[in-house]
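This briefing takes up the domain layout, the helix packing and a handful of individual residues in turn. Please read it alongside the sequence and the model shown here.

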Amino acid sequence: MSKLSLSDFTDGIIASHETRFNKEEKTQFLEYAKQRFMDLGYNDSDILIQKSFFGGRNLIIGSPDANIIITAHYDTPARNGRIALPFFNIFGMKLSSVLSLVYMIPLLYFLHLPSIFAQNFRFGVAIEFYIRNLWIFLFLAALMLFRNKHNHNDNTSGCVGVYGLATLISENPELKSKCAFILFDNEEKGLFGSIAYASWRKRNYPGKSDFRVYNLDCIGVGDILLIAAKQNSPAWKLLPELSEFFESSGINTVHRTSNVFGFMGDHASFDWGVVFTFVKNAKLTGLYIPNIHTSKDTVLNIEPIEYLCATIFTFISEQ
Ligand SMILES: [Zn+2]
């Protein structure tokens with residue numbers, strides 16, 4: 001099969017691999033993705049499935065110890081956006097995450113109950129408490145249980161972006177030798193895929209700790225490019241410079257700090273890691289990622305992804 005355009009690559013995912021939630025779906029998606037990267041000229045011998053925790057699998061294309069790593073997570077989230085991120089389109093991602101603590105505080109109390117009882121612990125009392133508050137466990141399970149049937153933005157769009165960059169880079173042999181592309185599993189469950197790759201790389205290539213990770217997450221909808229990194233990391237110090245570059249390329253760009261209250265993702269598993277995300281201004285304050293973890297996640301605009309890929313490609317080439 002010959003090279004696919006970004007929109008044909010996307011159509012192929014949506015038609016047959018729209019959700020990647022259980023093992024079987026993930027296996028079939030990995031097979032599809034692997035074939036598409038081979039169509040771009042990446043050899044079978046340069047493609048690796050690296051095992052992560054709890055049966056997770058990362059797809060690595062190119063040398064696993066490359067200096068430049070372009071990533072996205074391919075796993076499908078649960079449909080929990082309305083509860084885990086209440087009113088995010090009004091309050092923005094960060095404030096909305098704080099709001100969700102309204103549910104989380106009783107939960108933390110619940111889980112720590114045995115230690116509260118510790119001094120004068122009576123088993124029967126604890127059990128009774130747990131049974132009475134069973135709803136909290138059921139509530140949490142429900143947050144993780146139901147797949148979000150649509151996940152165009154989070155994160156089919158990121159996979160499309162990785163494919164787009166792999167397409168551009170495949171035509172530049174010098175750059176190609178420095179780059180690898182990784183599709184991570186289980187980001188939604190707690191960055192498990194990227195944490196597994198980071199520690200695997202440390203073990204297998206101890207002398208190659210100086211590398212950069214460009215992560216693409218939710219680049220399918222939105223009119224503002226957000227670039228984020230975790231506080232005080234080497235990448236975080238470069239954020240003003242990075243956003244200046246994208247701004248001067250004609251993309252409306254902002255930069256933010258990634259933390260537990262927002263713009264977190266696989267990039268945070270690395271010393272040097274940034275994430276690119278398209279966002280919108282929320283109605284009252286802050287920024288939000290449209291449609292994530294909801295049944296409305298059905299929009300994926302190809303053209304802005306193509307332009308973003310071309311701009312990241314220029315940025316990387318000039319480094
Ligand atoms: Zn995501």
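In this predicted model, the protein chain is divided into domain 1, which covers 6-79 + 148-317, and domain 2, which covers 93-144. The centres of the two domains, taken over C-alpha atoms, are separated by 34 Å. The contact between them draws nine residues from domain 1 and seven residues from domain 2, and on the domain 1 side these residues comprise six nonpolar, three polar and no charged ones.

**Packing of H1 against H14**

- Helix H1 (residues 6-16) packs against helix H14 (residues 302-318) at an angle of about 125°, and the axes of the two helices are 10 Å apart.
- At that angle H1 and H14 are oblique to each other, and H1 passes H14 in a right-handed crossing.
- Leu6, Ser7 and Thr10 supply the H1 side of this contact, while Ile302, Ile305 and Glu306 supply the H14 side.
- Sorted by class, the contact of H1 with H14 contains three nonpolar, two polar and one charged residues.

**Packing of H9 against H14**

- Helix H9 (residues 152-170) also packs on H14, with axes that come within 9 Å and cross at roughly 50°, an arrangement that makes H9 oblique to H14.
- The crossing in which H9 passes H14 is right-handed.
- From H9 the contact uses Ser157, Val160, Gly161, Gly164, Leu165, Leu168 and Ile169, which meet Ile305, Glu306, Leu308, Cys309, Ala310, Ile312 and Phe313 in H14.
- By class, this contact of H9 with H14 has ten nonpolar, three polar and one charged residues.

**Packing of H1 against H9**

- The axes of H1 and H9 come within 10 Å and cross at roughly 140°, which makes H1 oblique to H9.
- As H1 passes H9, the crossing is right-handed.
- Leu6, Phe9, Thr10 and Ile13 in H1 meet Thr156, Cys159, Val160, Tyr163 and Gly164 in H9, and by class this contact has six nonpolar, three polar and no charged residues.

**Two buried residues**

- Leu300 is found in the loop between strand E9 (287-288) and H14, and it counts as buried because 22 C-beta neighbours lie inside 10 Å.
- Not counting residues up to four places away in sequence, Leu300 touches Thr10, His152, Asn153, Thr156, Ser157 and Gly220.
- Leu300 and Thr167 are 133 residues apart in sequence, and their C-alpha atoms are 19 Å apart in space.
- Ala235 is found in helix H12 (residues 234-237) and likewise counts as buried, with 22 C-beta neighbours inside 10 Å.
- Leaving aside neighbours within four places in sequence, Ala235 is in contact with Ala229, Trp272, Gly273 and Val274.
- Of these, Trp272 is 37 residues from Ala235 in sequence, with a C-alpha to C-alpha separation of 5.1 Å.

**Backbone geometry to inspect**

- Most residues other than glycine have a negative phi, and most peptide bonds are trans.
- The peptide bond from Asp154 to Asn155 is cis, with omega near 5°, and Asn155 has its place in helix H9.
- Leu191 has a phi near 60°, a positive value in a residue other than glycine.
- This residue, Leu191, is found in the loop between strand E4 (179-184) and helix H11 (192-204), and with 19 other C-beta atoms within 10 Å it is partly exposed.
- Asn232 has a phi near 65°, again a positive value in a residue other than glycine.
- The loop that holds Asn232 runs between strand E6 (224-230) and H12, and Asn232 is exposed, with 8 other C-beta atoms within 10 Å.

Definitions and conventions
Residues numbered from 1 in each chain as written. Predicted model: local features only at pLDDT ≥ 70, side-chain atom pairs only at ≥ 80, totals over all residues. Axes fitted to C-alpha atoms, helices over the stretch in contact; angles between N-to-C directions. Helix = DSSP H or I, 4+ residues; strand = E, 2+ residues; numbered from the N terminus. Parallel < 35°, antiparallel > 145°, perpendicular 65-115°, else oblique. Left-handed = near helix turned anticlockwise from the far one by under 90°. Nonpolar A, V, L, I, M, F, W, Y, C, P; charged D, E, K, R; others polar. Buried ≥ 20, exposed ≤ 12 C-beta atoms within 10 Å, placed from the backbone. Domains from an automatic or database assignment.
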